[in-house]
Amino acid sequence: MAKKNEKAPAESPQSSKGPSGAAGRVKERDAKTQKKIEALAQNLVKRTLSGREPIVEIPLRTKSNTNWNKKSGILEMGGAIAERPLFDLKSAKQFMQTTLHASTIRDLIDAQKTSSLRGVYYKAKHTVAGTKENTFDNQEESDPILEDLEVTLGSTREELHVFAENRGAMVGNITIIDRGDEINCRRMGSGGYSMPSIVEPDIIEFRKCEAKFVLHVEKGTVWARFNEDRFWEKHNCILTHGGGQAARGCRRLLQRLNQELGLPVICLLDNDPYGHYIYSVIKHGSISLAFESSRLAIPQAKYLGIRAKDFRQCGLDDAVKIDLTDNDIKRAGEIAAYPWFESHKGWQKEIGALLTNGFKMEVESLITKDISYVTEVYVPERLKAKDWLE
Amino acid sequence: MESAVKERNPRSEKRRGATAEEMAARQKDVSVSEFFVKNRHLLGFDNARKALLTTVKEAVDNALDACEEAGILPDLAVVIEDLDPRRPATAKSSRYRVTVIDNGPGIVRKQVENIFGRLLYGSKFHRLKMSRGQQGIGISAAGMNGLITTGKPMVIHTKPNAKERAHHIELAMNTKSNRAEVTLDKETKDFPPERFRALSAGTRQLAQEGVFLSAESFATGTSVSIELEGKYQRGRGSVDEFLELTAIANPHARIVFVPPSRVAQDDADDLLPGTSAAVAQDVRSDAPAQTSETGGVVVFPRGVNELPPETKEIQPHPKGIELGILLQMLKDYQAKNKSGTLYDFLQEDFCRVSATTAAKFCKTIGVTSRTKVSDIEPPQAELLFKAFGEEKLAPPPTDCLAPIGVRQMLAGMLKGVKAEFYAASTREAEVYRGRPFQIEAAIAFGGDLPGDQASRVIRFANRVPLLFQQSACSSFKAVTETPWKNYAMQQPRASLPVGPLVVMIHMASVWVPFTSESKEAIADYDEIRKEMRLALMECGRKLGVYLRKRQKMRREGERRDVFERYIGEIAKALHAITGTEAKALYDALLEQARAKTAVADQELDEDGRVKRQQEADSDDEGVIIIDSAIAPVEVAAPIEAPQFETHKSAAPSRTRATPPAIKTRKDLDARATTKSASPASPPPKPRSKPLDRDDPRLF
């Protein structure tokens, strides 16, 4: 690890504001990120001073630029690049915002601080000199610019010292180190360990792990049922939830558990297109974060339920049925057409069954059988029978 | 007004009530003054304010007609003297003396009584010729009104011969005999009357400069003074508006107006939008006079130095007459020419009737070409009238019309309305009811005109402003029917367009169909309204082109604005990352921004297509654009360059963005381009005042 602090003032007067001493140690990774930011800015400066139009080139994050890698089982970003020229009415402001954020990130790294997405938004937000216009009007304008920078620089969000809100929780037979603090996930009470957005090895290390698999459920309410019933203790596993669509931190942690500890990831999600989509994202990645798929996707993830057949198989009451909306039907069709599902007989059958049923079911619907039916009967039986979709 | 004495049969039996004899005793001549008093509203003397206006109007119309007929460039002085300046502020009216002095040919002595002293006496009623007055009611009615309200005779100075003395005549109308009685008749050297020059500080100053009633300009001429009970007030329907509009429609005339020293208290501030300023401007530029509030003299300068072409008198067109008129014409012809044939009558007394057509008409009604007019029976005349309607005839000749002309209208508008864009168009002559007419329209847009009100419509018939009954006028309807929305204007449903717009409509005709004798509104003939609409649409299209161009320039301005707004931030951010001097970055980016927008200015029209140079020019005939709102957009609100902290040495003034120095084709276009339609004088005054960024008038 090189000490960059002495060198920094020569590059930029801003770095002098950064703290000195032990806290000011710039890691090698940060130095790399700084170099990338500088290269981006230098390119713009060069173009500007030589009379060429400054353009930021940003890898496209669209469906058309997302490829399905069948071999590795993940979504990957293609090579298409979007140009963001300054002198275009549509992109002038975004161009300005991109340079502002680049500068903001640089300051963050220099200061050896991390900031939330909202914090970055506020740091870069000010009134444009000589006008009444703000550089950013709201956070919705700021967040995509940060994602642009991620792909443009090829740096992860954590490398940019930006984090998102914690989302999702974890309990189970594992001990981890989080920023030096040992956390025993067996003793997390009813709340569980809150999953941070940055879970890279330099932040979170795995220690003692007896768990044999990970059970990921969709929502906190279901997760609480499993936790209260000490499911993870009885079945020696790790129990997680993502609060709906799993955030990056959650997905990354699941992936690390899967890859580093070899734990199978088994998902218990609602029987509806949204549940299917959550599974699809966990397993293969998403379009907007295709550039991160290799760090997020878990191609071996399994879909345990709820299954369309469960209504009859478990003998559920009519009351649990929720009619499919038009949008659900449309969405189901789209999901069925995903290349990784399209060629998958099991999934075609599953989605077909959902549409034939004409209704969807939440995990909680199993409560109509018994409060702990899901933890005591449903999941154990399915696990035992290895009755899941892959 | 023929006397209504009727003999009643004395044999009539005695019935209840009056006997025929008793009734006969009550039947007598209607006195002209009685008729007048009862019908003054028909002639435009309904109230004190309007009476003053009508008096001025009739005198001015007569003066202009006389000058033009004699081929003299009109130079008019209109003087209104307040004869009771010490009246209480609450007085509803006051006594005024209206004097109109022209430099026309003068009037020969023996005609004076006839012209000024008789109602319905004139040269204009009996012929089809384009002129301001028509019936010959005007000036004598004004004199009558004066006589009735004040008892004072009309005072006339007229000098028909430059080498001889002028006549000074005072006329009082004998209301019984419909004849004028001369109360004073002498010769005088005093023409133009000396005393007017010393009327006020303004007139003294103008006279000293030789631009007010100079003896050289008024070698011949006439001065008419009428005393009357009236009310002088500015605003709509005022003498001021009338003269201002007259000046617009008669750019060849020079008019000096000396208003009374005192303006009626109420709504004295009801000035006309966008025009009072123009008047003040004229005063300042042409004659150093006091402001109009203190009785300053207003000078409407001459805009063009040529008279309108002389108009020819035409014979009536067969399709333009009524049966009664035909019968009268037959009678008149018979009286003139005892043995005249119908065949000759048709050819001589009508236009567009050739020998062949005349023979055809004769055959149609079953007479020969030798049949005398005296042998034509009423049924045959009726047949002839029917044949007129059925026969296909060439429309009447149109050389009897003298439109104002595009160039002159633009000159007039430029003089009277302070705007930024002017367009005018003259239609080809058309015919209604066998009478030729021609429609012209002009519009003025933007500038100092108020932007949030309904547009102002100024209407003219044979160069005479029409001030009242706007909504009854065909021209008003034509304006509301014109699709102004197509020309980038706002227009509420079936009403006037809203915006900084003045619409001028002129109808020239040998016989303007007024809705009433006070000549305030043009009757709504389909043919006329259609022509008006077409003329307005021509102007509107030009306005649309201009407005869209302006809109586009605004977009370009915004575009430049957007770029320039952000480059300061970008320079700062890049400086923070790379350490490159922010000022250098800013300057380089600014240069690029300007080059970019300049390219866009040149290459693209509003659809983003490359525009050819010629296109813009092709439609510019009849258009004047004043360098005003457009140009400042180029420099409007230059974004202040950020003060870069790291370069404190740079002087603040140097880091300010200088206004772009780009000269695009459109930039040049926007300079007071007067193209083919540049008026002789006065030249458009370019306004260099850059408009505020927040100025609401800026689009």
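Predicted model: local features only at pLDDT ≥ 70, side-chain atom pairs only at ≥ 80, totals over all residues.

Chain A contains 15 helices and 17 strands. Of its 390 residues, 55% are buried. Its accessible surface amounts to about 17,300 Å², and carbon and sulfur atoms contribute 50% of that area. When contacts between residues at least 6 apart in sequence are considered, 73% of those in chain A link residues at least 24 apart.

Chain B has 20 helices and 15 strands. It comprises 699 residues, of which 55% count as buried. The accessible surface of chain B is about 31,200 Å², with 49% belonging to carbon and sulfur atoms. Among contacts in chain B with a separation of 6 or more, 75% are between residues 24 or more positions apart.

The discussion now turns to helix packing. In chain A, helix α3 (residues 92-111) and helix α4 (residues 117-124) have axes that come within 10 Å and cross at roughly 115°. Angles of 65 to 115 degrees count as roughly perpendicular, and α3(A) and α4(A) are therefore described as roughly perpendicular to each other. Their crossing is right-handed. On the α3(A) side, the contact is made by L100(A), H101(A), T104(A), D107(A) and L108(A), which meet V120(A), Y121(A), K123(A) and A124(A) of α4(A). Sorted by class, the residues of this contact are 5 nonpolar, 2 polar and 2 charged.

The axes of helix α7 (residues 239-249) and helix α13 (residues 406-416) of chain B come within 7 Å, crossing at roughly 145°. Here E244(B), A247(B) and I248(B) of α7(B) meet G412(B), M413(B), K415(B) and G416(B) of α13(B). This contact is made up of 3 nonpolar, 2 polar and 2 charged residues.

Is F213(A) buried or exposed? Its relative accessible area is 11%, and residues under 20% count as buried, so F213(A) is buried. Leaving aside residues up to four places away in sequence, F213(A) touches F231(A), H235(A), N236(A), C237(A), I238(A), L263(A), P264(A), I266(A) and L383(A).

N236(A) is not a glycine, yet its phi is positive, at about 50°. With a relative accessibility of 22%, N236(A) counts as partly exposed. In chain B, A494(B) also has a positive phi, near 50°, and is likewise a residue other than glycine. A494(B) is located in the loop between α14 (474-481) and β14 (501-509) of chain B, and its relative accessibility of 71% places it among the exposed residues.

Finally, two peptide bonds deserve attention. The bond from G305(A) to I306(A) is cis, with omega near -5°, and I306(A) lies in the loop between β15 (302-305) and α11 (310-313) of chain A. In chain B, F191(B) and P192(B) are joined by a cis peptide bond with omega about -10°. P192(B) is situated in the loop between β5 (179-188) and α6 (201-208) of chain B.

Notes. Residues numbered from 1 in each chain as written. Chains lettered and ligands numbered in written order. Heavy atoms only, no water. Helix = DSSP H or I, 4+ residues; strand = E, 2+ residues; numbered from the N terminus. Buried < 20%, exposed > 50% of the residue type's maximum accessible area, 1.4 Å probe, protein only. Contact = heavy atoms within 4.5 Å. Areas by Shrake-Rupley, 256 points an atom, 1.4 Å probe, with all protein chains shown as cover. Axes fitted to C-alpha atoms, helices over the stretch in contact; angles between N-to-C directions. Parallel < 35°, antiparallel > 145°, perpendicular 65-115°, else oblique. Left-handed = near helix turned anticlockwise from the far one by under 90°. Nonpolar A, V, L, I, M, F, W, Y, C, P; charged D, E, K, R; others polar.
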